[in-house]
Amino acid sequence: MLYQIYETQRSLMEPFADFAQAAAKLYGSSQSPFGKNTLSQRMSAGYDLLYRLGKDYEKPVFGLQTINADGVDIAIQERVEIDKPFCELRRFKRFTDDANTLTKLKGQPAVLIVAPLSGHYATLLRDTVKTMLKDHKVYITDWKNARLIPLSEGEFHLDDYVNYVQEFIRHLQGIYGNCHVMSVCQPTVPVLAAVSLMASRGDLTPLSMIMMGGPIDARKSPTAVNNLAMNKSYEWFESNVIYKVPASFPGAGRKVYPGFLQHTGFVAMNPNHHAKSHFDYFKDLVKGDDVGAEVHRKFYDEYNAVLDMDAHYYLETISTVFQDFKLVNGTWNVRGLDGKTELVKPQDITQTALLTVEGELDDISGSGQTKAAHDLCSGIATKNQRHYEAAGAGHYGIFSGRRWRDLVYPEVKAFIQAHNTIAKVAAPKPVAAAAAPALATPVAKAKPAAKPKAAPAKPKAAPVAAAPAVAVPVAAVAAPVVVTPVVAPIAAAAPAVKPKPAARAKPKAVAPAAPAAVKPVTAASTPAPAVKLTAVASPAPKAVASKSVKRKA
């Protein structure tokens, strides 16, 4: 019923908000007769403030069209990579016509930013994305407003959140081989669960996890948000904050935790601060300070835009994270896409580096709550773990604003770069082991190639002498990409001997055939194998071998 009352009130206020907006323009225009009054500036500022207090705030856009990196302007194309019922995976693809910059962009690491599903849209991390785009390929989870999702799409649970994160990680791994994951606030818990489940199954896990201001262990330094969630029972939340979406929306009938309740809770945490901020906005308008007024508008356009959350997800988060503490107690079972439940075991993570970030003045996730992830991830080597506390930063300061750009981001960038080569170190080992038998097979089959005719039988020493040439590139292989071109000419060398002697009856044709077979092998190796021919061949072929040496010289 409360949701219907709120929507009715909003509908009644909408005409007055439109009137206030028109009046603000009327009194603020120098061309209007009302604007020539001595009090016109104050009247315009007052009506503008009324408009912003009464208007409906829709979902903002990221609006990132260009960024500047190292003095070069880079164009940004925003597009949806994966469209799920409750979330979109968005990519910010970068374009430039500067060749050096393009080469640099291609080699930069891919980062999945998991935005919070806690009342605000993912655009709250606009500054985070903009800064990260300078040195990374950036993807972000853009959660949908539950009141716009029809009931036919089913319910959304905390387990579904964890499964979404795993799917998005695998998507980036399929494109780039691996990726890094950054979680801000609420998603630190489901992201840690997702990576833990992947590690327990033996799947490839991300190169690093960056966890910022999240309630990994909400028992440490509890804030007002934590206390509310811990002091009220599960049944209280179910009875007092869960409502059905009104009939005027696509998700009519869906049980949700309304965004306007979450917004009211945010404002109630610090009402004096918000009242002062609005009064400062009024004074900026009176003084004509357009810069200060625009800063206020941008912040509150984002802050006042809220979304509804599916009731199942919201209640399960309250229970799992803030009441039962299932993650830290080791009792959290997550239902996968196959219907089976798996226990979340962070201690199974071994190949993923961990960076935790906290704000010194964070009033939403208290001190030590995010740092607790290090105690849970005991399988990660100490050298691959780091904790950073941003001095003077509040909750929003660790991912947005000056402190994020000047203090936190350099730490995040350095950590990602330091742990961006974990997968590359182990890659050559299985490739080299698999390459040895593949190279030995053609050499073994090359010996009987000269048996059909007596005349060319003795020069069969040429294929035998190729064996040392094969050993040289195998020992010299340093990267997987070198193996493929080496195998190709050796495999082709064996059949190269067969057709040429069979096609020509004269023995003179045999002499050119030997160098032709040797050349592909010696081209990929050192000149040493050409000398070893004289040690294996009989006196008659020696002259042939010496001729071949003279021709090469």
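User: Which residues point one way from β7, and which the other way?

Analyst: Ser208, Ile210 and Met212 point one way from β7, while Met209 and Met211 point the other way, and all are buried, where buried means under 20% relative accessible area, exposed over 50% and partly exposed in between, with a 1.4 Å probe and protein chains only. In a regular strand the side chains alternate between the two faces of the sheet. Please keep in mind that this is a predicted model, in which local features need pLDDT of at least 70, side-chain atom pairs count only at pLDDT 80 or more, and totals for chains, interfaces and linings use all residues. Residues are numbered from 1 along each chain as its sequence is written, and side-chain values use heavy atoms, with hydrogens and water left out.

User: What does β7 pair with in the parallel sense?

Analyst: β7 pairs in the parallel sense with strand β13, residues 353–359, over 5 bridges, and methionine 209 has leucine 354 of β13 as its bridge partner. Strand β6, residues 180–184, is also joined to β7 by 5 bridges and runs parallel to it, with methionine 182 partnered by isoleucine 210 in β7. Two strands pair if DSSP finds at least two bridges between them, and the strands (E, at least two residues) and helices (H or I, at least four) are DSSP runs numbered from the N terminus.

User: Which helix makes a β-α-β unit with β6 and β7?

Analyst: That is α6, and the unit is right-handed, which means that, with the strands pointing away from the viewer, the path from the first strand over the helix to the second runs clockwise.

User: Okay, and at what angle do α5 and α6 cross?

Analyst: The axes of helix α5 (residues 158–176) and helix α6 (residues 188–201) cross at roughly 65 degrees and come within 8 Å; axes are lines fitted to C-alpha atoms, for helices over the stretch in contact, and angles run from 0 to 180 degrees between N-to-C directions. On the α5 side the contact (heavy atoms within 4.5 Å) involves residues including Tyr161, Val165 and Ile169, and on the α6 side residues including Val191, Ala194 and Leu197.

User: How do the residues of that contact divide?

Analyst: They divide into 11 nonpolar, 2 polar and 2 charged, where Ala, Val, Leu, Ile, Met, Phe, Trp, Tyr, Cys and Pro count as nonpolar, Asp, Glu, Lys and Arg as charged, and the others, Gly among them, as polar.

User: New topic: is aspartate 284 buried or exposed?

Analyst: Aspartate 284, which is found in helix α10, residues 271–287, counts as buried because its relative accessibility is 14%. Leaving aside neighbours within four places in sequence, aspartate 284 is in contact with Asp289, Gly292 and Ala293.

User: And what does leucine 151 touch?

Analyst: Not counting residues up to four places away in sequence, leucine 151 touches Ala252, Gly253 and Arg254. Leucine 151 is placed in the loop between β5 (137–143) and α5, and its C-alpha atom is separated by 7.3 Å from that of glycine 253, which is 102 residues apart along the chain.

User: Last one, how many helices and strands are there in the protein chain?

Analyst: There are 24 helices and 14 strands in the protein chain, and of its 553 residues 47% count as buried.
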